[in-house]
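Open the structure in your viewer and keep the selection tool at hand. This tour goes stop by stop.

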Amino acid sequence: MKLNTDNYAPICLFVYNRPEHTLKTLNSLKNARLAKDSRLFIFADGPKHGLSIEQILNIEKVRKIIRSEIWCRSVEIIESEKNKGLSKSIISGVEYVISRYGKVIVLEDDLILSAGFLEYMNEALLLYENEEKVMHIAGFIPRLKGDFGETFFYPVPTCWGWATWKRAWEHFNPSAAELLPKVLEKGKYRFDINRSVNYVRMLKKNMKGYVNSWFIRWYASIYLMDGLCLHPGKSLVANTGIDRSGVNSYRSDAFDTDLADSVKLEKIELKISQDAYRAFVRFNYKVKMKHLPEYLWRLATNRIKT
């Protein structure tokens, strides 16, 4: 099946209280190729209790921005009266769209997309549609040392601009309590990517209610299926939100990256790129050491969230 306007994947965008970030994300989406022929669903989270007047005004500004233009071929806006939080918003939003269309592209309110982002996502979704082992399409990679080709497979999903299919999302288990023993049985060392990131600890904290991360549960679900995540050799997404502006963010330049206009897609062997894997391990250790003081403080005060 060839890519055409009838089978472009719908786009989910999750917004809350960052008007400047939201506007930049929407403008980059509007300028992406295929946007004018794509469906957009915008999920606007509701206010928490005890917000300041300024915070409430920011939520109102965001809702005004998302209604200010027809950013894609069609726009459906779903506004929540109460605050769901990012994790619940993404899980319910993805399920709402993917149950209707069988696939989805997912964005948050602090991303800048390259002009070729939607082309890459739609082509990859079509190319690997029937490959059960491929469960996630990522649009972002950090600045890694090495050349890994136009695309490569890695076991961990990156969640800044991503896509998946209903057939893969059906394996998503929202219960950290069910996931954890299975992950430990399968192998903590592998799950933690050679101990370069403590994903097991994140899953434990999720189970105990210290954090509420959809990402770690999605990764654990993929891991238990021996799933693969397709990544571009050059990033098609940049994140502008690691600036303390978000509810769950801190300040860092470690994930700055350079945007590529496009990525050439062709089917590659369904196996993890060992060169990319080693590059991620090196990158993870570098980030961990650079941010160790803040990381330890946030960990001790239960402020690590995703």
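The stops below say what to select and what is there.

This is a predicted model: local features need pLDDT of at least 70, side-chain atom pairs count only at pLDDT 80 or more, and totals for chains, interfaces and linings use all residues. Residues are numbered from 1 along each chain as its sequence is written, and side-chain values use heavy atoms, with hydrogens and water left out.

**Aromatic pairs**

Rings of Phe, Tyr and Trp (its six-membered ring) pair if their centres lie within 6.5 Å; planes under 30 degrees apart are stacked, over 60 edge-to-face, the rest tilted. The count is 25 aromatic pairs. Select tryptophan 160 and phenylalanine 255. Their ring centres are 5.5 Å apart and their planes stand at 85 degrees, so this pair is edge-to-face. Tryptophan 160 is in the loop between strand 7 (151-154) and strand 8 (162-165), and phenylalanine 255 in the loop between strand 10 and helix 9 (274-290), so the pair ties together parts 95 residues apart in sequence. Helices (H or I, at least four residues) and strands (E, at least two) are DSSP runs, numbered from the N terminus.

Next, select tryptophan 162 and tryptophan 214. This pair is stacked, with 5.2 Å centre to centre and 20 degrees between the planes. Both residues are buried, meaning under 20% relative accessible area; exposed means over 50%, and partly exposed lies in between (1.4 Å probe, protein chains only).

**Charge over a ring**

Select arginine 167. Its charged end sits over the ring of tryptophan 165, 4.2 Å from the centre. The rule asks for NZ of Lys or CZ of Arg within 6 Å of the ring centre and within 35 degrees of the ring normal.

**Serine 235**

Go to the loop between strand 9 (228-232) and strand 10 (237-239), where serine 235 is placed. Is serine 235 buried or exposed? It is buried, at 1% relative accessible area. A polar atom of the serine 235 side chain lies 3.3 Å from the backbone nitrogen of isoleucine 141.

**Two loop residues**

Move to the loop between helix 6 (176-191) and helix 7 (199-208) and select isoleucine 193. Its phi is near 50 degrees, a positive value in a residue other than glycine. Isoleucine 193 is buried, at 0%. Arginine 195 is in the loop between helix 6 and helix 7 too. Its phi is near 65 degrees. Arginine 195 counts as exposed, at 59% relative accessibility.

**Cysteines**

Searching the whole structure finds zero disulfides, a disulfide being a pair of cysteine sulfur atoms within 2.5 Å. Select cysteine 72: its nearest cysteine sulfur, in cysteine 12, is 12 Å away.

Note on methods: A polar contact is a pair of N or O atoms within 3.5 Å; within protein, one must be able to donate a hydrogen and the other to accept it, and residues adjacent in sequence count only if both atoms are side-chain atoms.
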